[in-house]
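Visitor: I would like to learn how to read a model of this kind, feature by feature. Could you take me through the general idea each time, and then through the case at hand?

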Amino acid sequence: MELKDQILKWCAEQEIPLVGFAPAARWDEPLFLPWVPDEFRPRAIVPETATVIVLGLPVSLPVVETAPSIHYHELYRTVNTLLDMHGYRLSAWLTREGHPSTWIPRDGYGSIAILKENPVAFFSHRHAALLAGLGTFGVNNTLLTREFGPRVRFVSIFTSAALPPDPLITEPLCTRCMRCVKACPVRALLAKDYPDGLTDKRACALRSEALFKRSISPCGLCIRVCPVGEDRKRYGRTDMAIYDEEDDRFSRYHQAWKHVQAYGGRKTSSP
Ligand code: SF4
Ligand code: SF4
């Protein structure tokens, strides 16, 4: 069996739904400007890299709908842990098989306080997922996927193995509905396509910090309302009026979300 097929088989056994392969050379052909600076590219970080393998795990829509909440907080932590475990194990297996590989953690920062000072990580998994053909950028600055819209998190593995690349998605998945812009409580999003409309990362980080102090970070409101993603059909959430608090047809859902939000987190961010 070819190495790529072996990797896909392993991912299927781990129930990883999104897997993409991007040649490291793709980082040297900017798709738009501003592009990934030289020192943030895979071969600048690990010079032997030939291919970047990107794995994606979803955050389930009914849990994101309760955000911000302890439920989403715990889901986020669990998905992050799984991503790091899968990334570590796959890179270790590839290395044992004779293809030196390096796992890149799904988050590249130590705390929200650090993120406020310097709001970038040493490597962007969103750009890696784009270049691995898993999705396209949305107005909310996340990577939208066909399967889960923006409700997905990624991890990357740099490998010295030259593997067949996956094609890029050429048509934008974002419908430009601007629901994300309207949903943001701190106006961190501009009603413009990425990268013309870059998130106000400081405003977003400040909100995240306040929610963290209440044990209910991250925020998630801009990914909650995004209409893109097959997961909406799976969960029966195609009528976007469900997020209109005034629409009595969905009051059962609104009550359920309020119930979850009322427990497990501090009411205020004061100590
Ligand atoms: S995560 Fe929250 S604060 Fe940040 S951009 Fe999205 S809605 Fe705004
Ligand atoms: S909510 Fe609408 S505008 Fe925002 S990313 Fe999703 S599709 Fe694009």
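Guide: Let us begin with burial, for which a residue counts as buried when its relative accessible area is under 20% and as exposed when that value is over 50%, with partly exposed in between. Please keep in mind throughout that this is a predicted model.

Visitor: Is Ser 69 buried or exposed, then?

Guide: Ser 69 has a relative accessible area of 1%, and because this is under 20%, the residue is buried. Ser 69 sits in the loop between helix H3 (61-64) and helix H4 (70-96).

Visitor: How should I read a nonpolar core, and which residues touch the most other members in the largest one?

Guide: In soluble globular proteins, nonpolar side chains tend to be buried together. Here the largest nonpolar core has 27 residues, and those touching the most other members are Ile 7, Ile 53, Leu 55, Tyr 72, Leu 90 and Leu 94. At least two residues of this core come from each of helix H1 (3-13), strand S1 (18-23), strand S2 (51-58), H3, H4 and strand S6 (152-159), and the largest share, 8 residues, is supplied by H4. A second, separate core has 23 residues, among them Leu 18, Ile 104, Ala 128 and Leu 143.

Visitor: What does Ile 53 touch, leaving out residues up to four places away in sequence?

Guide: The contacts of Ile 53 include Ile 7, Val 19, Phe 21, Leu 90, Leu 94, Val 155, Ile 157 and Leu 163, and also Gly 20, Ser 156 and Thr 159.

Visitor: Where is Val 225 found, and is Val 225 buried or exposed?

Guide: Val 225 is found in the loop between helix H9 (221-224) and helix H10 (231-234), and its relative accessibility of 9% is under 20%, so Val 225 counts as buried. Beyond its neighbours within four places in sequence, Val 225 is in contact with Arg 179, Cys 180, Ala 183, Arg 232, Met 240 and Tyr 243.

Visitor: What is the volume of the second largest pocket, and which residues lie nearest its centre?

Guide: Rolling a probe the size of a water molecule over the atoms shows where empty space is left. The second largest pocket has a volume of about 350 Å³, and of the 18 residues that line this pocket, Phe 32, Leu 130, Thr 136, Phe 137 and Pro 172 lie nearest its centre. By class, its lining has 11 nonpolar, 4 polar and 3 charged residues.

Visitor: Which backbone geometry deserves a second look in a model like this?

Guide: Most residues other than glycine have a negative phi, and most peptide bonds are trans. In this model the peptide bond from Tyr 194 to Pro 195 is cis, with omega near 5°, and Pro 195 lies in the loop between helix H7 (179-183) and helix H8 (201-213). The bond from Ser 217 to Pro 218 is cis as well, with omega near 0°, and Pro 218 is in the loop between H8 and H9.

Visitor: What is the phi of Glu 15, and where does Glu 15 lie?

Guide: Glu 15, although not a glycine, has a positive phi of about 60°, and its place is the loop between H1 and S1. Its relative accessible area is 68%, which is over 50%, so Glu 15 is exposed.

Note on methods
Residues numbered from 1 in each chain as written. Chains lettered and ligands numbered in written order. Predicted model: local features only at pLDDT ≥ 70, side-chain atom pairs only at ≥ 80, totals over all residues. Heavy atoms only, no water. Helix = DSSP H or I, 4+ residues; strand = E, 2+ residues; numbered from the N terminus. Buried < 20%, exposed > 50% of the residue type's maximum accessible area, 1.4 Å probe, protein only. Core = buried A, V, L, I, M, F, W, Y, C linked by side-chain atoms within 4.5 Å. Contact = heavy atoms within 4.5 Å. 1 Å grid on protein atoms, 1.4 Å probe; cavity = no way out; pocket = protein on both sides within 12 Å on 5 of 7 lines; lining within 4 Å. Points joined across faces, edges and corners; volume = space filled by probe spheres on them. Nonpolar A, V, L, I, M, F, W, Y, C, P; charged D, E, K, R; others polar.
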